[in-house]
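Reader: Please walk me through this entry, and I will ask questions as we go.

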Amino acid sequence: YRKGVTAFGPAAAEITTVFLTHLHADHTAGYPDLILTPWILGRKKPINLYGPPGLRAMTRHVLAAWKVDIDNRTNGIDRLPRAGCGVNVHEIRPGEIYSDRNIRISAFPVRHGALAHAFGFRLETSDRVIVISGDTSPTPELAKHCEGCDVLIHETYSEQTYRKVSPKWQRY
């Protein structure tokens, strides 16, 4: 935030919509922080979360785990609006999942180990197409959704790092 990335400071309260590729811990451990900190910093409306099946249950458990804090902040001296820590969960399936006047977002299945529900996203604006694969291996489905894209954001390993991991991890 101090270096100019304002989304990490008070402007985090302005984040209204988030998309999750899958529900592994390395992608969701900060989920309570995403819900609560922007609310504490001033978000007054629920955040919209789009992600795989299971997101609704995860959200219910997070809000239950922080019930004491939420009750204190809404009924105590802070008097924060309860709606600000609300979450509108959208459990997604392949296909168009979001659109507004600026963007259209489609989800498509990706391979992420044995995980049943993992998605990549194709974001289309009037002048650009961006594909986000998540941390997945290359597949024909991913290649299909990359056709005509301007930017592909895809997690990769260097060849040097790949050679150092076990054969089991390489297959993964």
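**A chat about cores, sheets and loops**

Reader: What does Tyr 31 touch, leaving out residues up to four places away in sequence?

Author: Tyr 31 touches Leu 49, Leu 55, Met 58, Thr 59, Val 62 and Val 87, once residues up to four places away in sequence are set aside; contact here means heavy atoms within 4.5 Å. Please keep in mind that this is a predicted model, in which local features need pLDDT of at least 70 and side-chain atom pairs count only at pLDDT 80 or more, while totals for chains, interfaces and linings use all residues. Residues are numbered from 1 along each chain as its sequence is written, and side-chain values use heavy atoms, with hydrogens and water left out.

Reader: OK, and which residues have the most contacts inside the largest nonpolar core?

Author: That core has 15 residues, and those with the most contacts inside it are Tyr 31, Ile 35, Leu 36, Trp 39, Leu 49, Leu 55 and Val 87. A nonpolar core is a set of buried Ala, Val, Leu, Ile, Met, Phe, Trp, Tyr and Cys residues joined through side-chain atoms within 4.5 Å, and buried means under 20% relative accessible area, with exposed over 50% and partly exposed in between (1.4 Å probe, protein chains only).

Reader: Which elements each supply at least two residues of it?

Author: They are α2 (31-40), β2 (47-51), α3 (55-65) and β3 (87-91), and α2 gives the most, with four residues. Helices (H or I, at least four residues) and strands (E, at least two) are DSSP runs, numbered from the N terminus. Apart from this core lies another, of eight residues, among them Ile 97, Ile 105, Phe 121 and Leu 123.

Reader: Back to α2, then: which of its residues are buried, and what covers them?

Author: The buried residues of α2 are Tyr 31, Pro 32, Ile 35, Leu 36, Pro 38 and Trp 39. Their cover includes α1 (25-28), β2, α3, α4 (67-75) and β3.

Reader: Which strands does α2 lie across?

Author: α2 lies across β1, β2 and β3 and runs at about 165° to β2, whereas α3 lies across β2 and β3, at about 155° to β3. For these angles, axes are lines fitted to C-alpha atoms, for helices over the stretch in contact, and the values run from 0 to 180 degrees between N-to-C directions.

Reader: And what is the order of the strands in that open sheet of three?

Author: The order is β1-β2-β3, with parallel pairing, and the edge strands, each pairing on one side only, are β1 (17-19) and β3. Two strands pair if DSSP finds at least two bridges between them. β1 and β2 are joined over three bridges, and Thr 17 has Asn 48 in β2 as its bridge partner.

Reader: Now the sheet of five strands: what is its order?

Author: That open sheet runs β4-β5-β6-β7-β8, and its pairing is mixed. Its edge strands are β4 (95-99) and β8 (151-154), and the twist averages 20° from one strand to the next. Within it, β5 (residues 104-109) and β6 (residues 119-124) pair in the antiparallel sense over six bridges, with Ile 105 opposite Leu 123 in β6.

Reader: Changing topic, is His 112 buried or exposed?

Author: His 112 counts as buried because its relative accessibility is 6%, although it lies in the loop between β5 and β6.

Reader: Which side chain is joined to that of His 112 by a polar contact of 3.2 Å?

Author: The partner is the side chain of His 22. A polar contact is a pair of N or O atoms within 3.5 Å; within protein, one must be able to donate a hydrogen and the other to accept it, and residues adjacent in sequence count only if both atoms are side-chain atoms. The backbone oxygen of Asp 135 also lies 2.4 Å from a polar atom of the His 112 side chain.

Reader: Last one: how many disulfides does a search of the whole structure find?

Author: The search finds zero, a disulfide being a pair of cysteine sulfur atoms within 2.5 Å. Cys 146 is in none, and the nearest cysteine sulfur, in Cys 149, is 4.6 Å away, which is too far for a bond. Cys 146 is buried, with a relative accessible area of 16%, whereas Cys 149, at 23%, counts as partly exposed.
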